[in-house]
Amino acid sequence: MRIVVYDQSGTKVEIGNVSDKTLMSAIRSAGLNITAQCGGCASCATCHVYVEDDWNRKLEPVSDIEDAMLDVAEERRENSRLSCQVKLSDELDGLTVRLAPGSGF
Ligand code: FES
(Lines give C-alpha, C1' and ligand atoms only; values in the text may rest on other atoms or scores of the structure.)
Protein backbone atom coordinates (compact mmCIF):
# COMPACT_ATOMS: atom_id res chain seq x y z
CA MET A 1 0.00 0.00 0.00
CA ARG A 2 1.00 3.62 -0.23
CA ILE A 3 0.41 6.67 1.93
CA VAL A 4 0.78 10.38 1.26
CA VAL A 5 2.22 12.66 3.92
CA TYR A 6 2.56 16.43 3.95
CA ASP A 7 5.39 17.38 6.26
CA GLN A 8 5.42 20.36 8.63
CA SER A 9 6.61 22.64 5.82
CA GLY A 10 3.85 21.47 3.48
CA THR A 11 6.03 19.29 1.27
CA LYS A 12 4.17 16.32 -0.16
CA VAL A 13 5.87 12.96 0.27
CA GLU A 14 4.52 9.74 -1.23
CA ILE A 15 5.57 6.61 0.57
CA GLY A 16 5.12 3.38 -1.37
CA ASN A 17 5.34 -0.30 -0.46
CA VAL A 18 4.39 0.41 3.13
CA SER A 19 4.51 -2.69 5.30
CA ASP A 20 4.49 -1.03 8.72
CA LYS A 21 1.61 -1.84 11.06
CA THR A 22 0.91 1.74 12.13
CA LEU A 23 0.90 5.10 10.43
CA MET A 24 3.47 6.51 12.86
CA SER A 25 5.83 3.67 12.13
CA ALA A 26 5.46 4.15 8.36
CA ILE A 27 6.17 7.88 8.66
CA ARG A 28 9.20 7.19 10.81
CA SER A 29 10.50 4.43 8.54
CA ALA A 30 10.36 6.86 5.63
CA GLY A 31 12.71 9.18 7.52
CA LEU A 32 10.26 12.01 7.97
CA ASN A 33 10.48 14.38 10.91
CA ILE A 34 8.19 12.90 13.54
CA THR A 35 9.10 12.83 17.22
CA ALA A 36 6.80 10.03 18.43
CA GLN A 37 8.56 10.22 21.74
CA CYS A 38 6.70 7.48 23.59
CA GLY A 39 7.25 5.01 20.78
CA GLY A 40 3.59 4.39 20.11
CA CYS A 41 1.90 3.97 23.53
CA ALA A 42 -0.49 6.91 23.13
CA SER A 43 1.19 8.85 25.91
CA CYS A 44 3.01 11.76 24.24
CA ALA A 45 0.94 13.23 21.38
CA THR A 46 4.11 14.00 19.41
CA CYS A 47 2.89 11.82 16.54
CA HIS A 48 -0.12 14.08 15.93
CA VAL A 49 -1.40 14.26 12.34
CA TYR A 50 -4.35 15.74 10.52
CA VAL A 51 -6.18 13.22 8.35
CA GLU A 52 -6.96 14.77 4.97
CA ASP A 53 -10.02 14.49 2.77
CA ASP A 54 -12.53 11.81 3.73
CA TRP A 55 -10.05 9.32 5.07
CA ASN A 56 -11.18 9.78 8.67
CA ARG A 57 -14.36 7.87 7.87
CA LYS A 58 -12.36 4.79 6.95
CA LEU A 59 -10.29 4.75 10.13
CA GLU A 60 -11.18 3.00 13.35
CA PRO A 61 -12.75 5.43 15.82
CA VAL A 62 -10.66 7.38 18.32
CA SER A 63 -10.34 5.45 21.60
CA ASP A 64 -10.78 7.12 25.00
CA ILE A 65 -7.04 7.05 25.62
CA GLU A 66 -6.28 8.61 22.22
CA ASP A 67 -8.97 11.21 22.78
CA ALA A 68 -7.47 12.22 26.12
CA MET A 69 -4.01 12.59 24.62
CA LEU A 70 -5.31 14.57 21.67
CA ASP A 71 -6.75 17.03 24.18
CA VAL A 72 -3.22 17.97 25.18
CA ALA A 73 -1.87 18.01 21.61
CA GLU A 74 -1.03 21.33 20.03
CA GLU A 75 -3.83 22.67 17.81
CA ARG A 76 -6.24 19.77 17.95
CA ARG A 77 -8.75 19.76 15.07
CA GLU A 78 -11.74 17.65 14.09
CA ASN A 79 -9.50 15.55 11.86
CA SER A 80 -6.73 15.07 14.43
CA ARG A 81 -5.35 11.60 15.12
CA LEU A 82 -2.37 10.11 16.88
CA SER A 83 -0.60 8.37 14.03
CA CYS A 84 0.61 5.60 16.34
CA GLN A 85 -3.00 4.61 16.94
CA VAL A 86 -3.86 4.35 13.23
CA LYS A 87 -3.46 0.76 12.09
CA LEU A 88 -2.62 0.37 8.42
CA SER A 89 -4.27 -2.07 6.04
CA ASP A 90 -4.64 -2.42 2.29
CA GLU A 91 -8.06 -0.75 2.49
CA LEU A 92 -6.26 2.45 3.44
CA ASP A 93 -4.21 2.57 0.24
CA GLY A 94 -3.72 6.26 -0.55
CA LEU A 95 -4.32 7.47 3.01
CA THR A 96 -3.32 11.11 3.15
CA VAL A 97 -2.25 12.96 6.30
CA ARG A 98 -0.51 16.15 7.32
CA LEU A 99 2.04 16.33 10.16
CA ALA A 100 0.60 18.62 12.83
CA PRO A 101 2.47 21.36 14.69
CA GLY A 102 4.46 19.89 17.56
CA SER A 103 4.97 16.57 15.82
CA GLY A 104 8.51 17.29 14.65
CA PHE A 105 11.81 17.89 16.44
S1 FES B 1 4.03 8.07 19.59
FE2 FES B 1 3.47 8.89 21.50
S3 FES B 1 1.35 9.17 21.32
FE4 FES B 1 1.92 8.36 19.42
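E75 is found in the loop between α2 and β4, where helices (H or I, at least four residues) and strands (E, at least two) are DSSP runs, numbered from the N terminus. This is a predicted model, so local features need pLDDT of at least 70, side-chain atom pairs count only at pLDDT 80 or more, and totals for chains, interfaces and linings use all residues. Residues are numbered from 1 along each chain as its sequence is written, and side-chain values use heavy atoms, with hydrogens and water left out.

**Loop residues to look at**

- E75 has a positive phi of about 55 degrees although it is not a glycine.
- With a relative accessible area of 47%, E75 is partly exposed; for burial in general, buried means under 20% relative accessible area, exposed over 50%, and partly exposed in between (1.4 Å probe, protein chains only).
- D53 is another residue other than glycine with a positive phi, near 55 degrees.
- You'll find D53 in the loop between β3 (48–51) and α2 (64–70), and D53 is exposed, with a relative accessible area of 64%.
- As background, most residues other than glycine have a negative phi.
- N17 sits in the loop between β2 and α1 (23–29), and at 75% relative accessibility N17 counts as exposed.
- N17 and I3 are 14 residues apart in sequence, and their C-alpha atoms are 8.9 Å apart in space.

**The chain as a whole**

- The chain has two helices and five strands, and from the N terminus on the elements run β-β-α-β-α-β-β.
- The radius of gyration of the chain is 12 Å, close to the 13 Å that the globule rule gives for 105 residues, so the chain is as compact as a globular protein of that length.
- For that comparison, the radius of gyration is taken over C-alpha atoms, and the globule rule is 2.2 Å times the number of residues to the power 0.38.
- Taken along the principal axes, the C-alpha atoms fill a box of roughly 30 × 25 × 25 Å.
- Of the 105 residues of the chain, 45% count as buried.
- Among contacts in the chain with a separation of 6 or more, 65% come from residues 24 or more positions apart, with contact meaning heavy atoms within 4.5 Å.

**The sheet**

- Five strands make an open sheet in the order β2-β1-β5-β3-β4, with mixed pairing; two strands pair if DSSP finds at least two bridges between them.
- β2 (12–15) and β4 (80–82) stand at the edges, each with a single partner strand, so one side of each is left without a neighbour in the sheet.
- On average, neighbouring strands of this sheet are turned by 35 degrees against each other, direction ignored; axes here are lines fitted to C-alpha atoms, for helices over the stretch in contact, and angles run from 0 to 180 degrees between N-to-C directions.
- Strand β1 (residues 3–6) pairs with strand β5 (residues 95–99) in the parallel sense, over four bridges.
- In that pairing, Y6 stands opposite R98 in β5, and V5 stands opposite V97 in β5.
- β3 pairs with β5 in the antiparallel sense over three bridges, and with β4 in the antiparallel sense over three bridges.
- Y50 has R98 as its bridge partner in β5 and S80 as its bridge partner in β4.
- V51 has V97 as its bridge partner in β5.

**What is tucked away**

- Four of the five residues of β5 are buried, so β5 is largely enclosed by the rest of the structure.
- β3 is covered on both faces: H48 and Y50 on one side, and V49 and V51 on the other, are all buried.

**Rings and charges**

- The charged end of R98 sits over the ring of Y6, 4.3 Å from its centre.
- R77 lies over the face of Y50, at 3.9 Å from the ring centre.
- The cut-offs here: a charge sits over a ring if NZ of Lys or CZ of Arg is within 6 Å of the ring centre and within 35 degrees of the ring normal.
- A search of the whole structure turns up zero aromatic pairs; rings of Phe, Tyr and Trp (its six-membered ring) pair if their centres lie within 6.5 Å, and planes under 30 degrees apart count as stacked, over 60 as edge-to-face and the rest as tilted.
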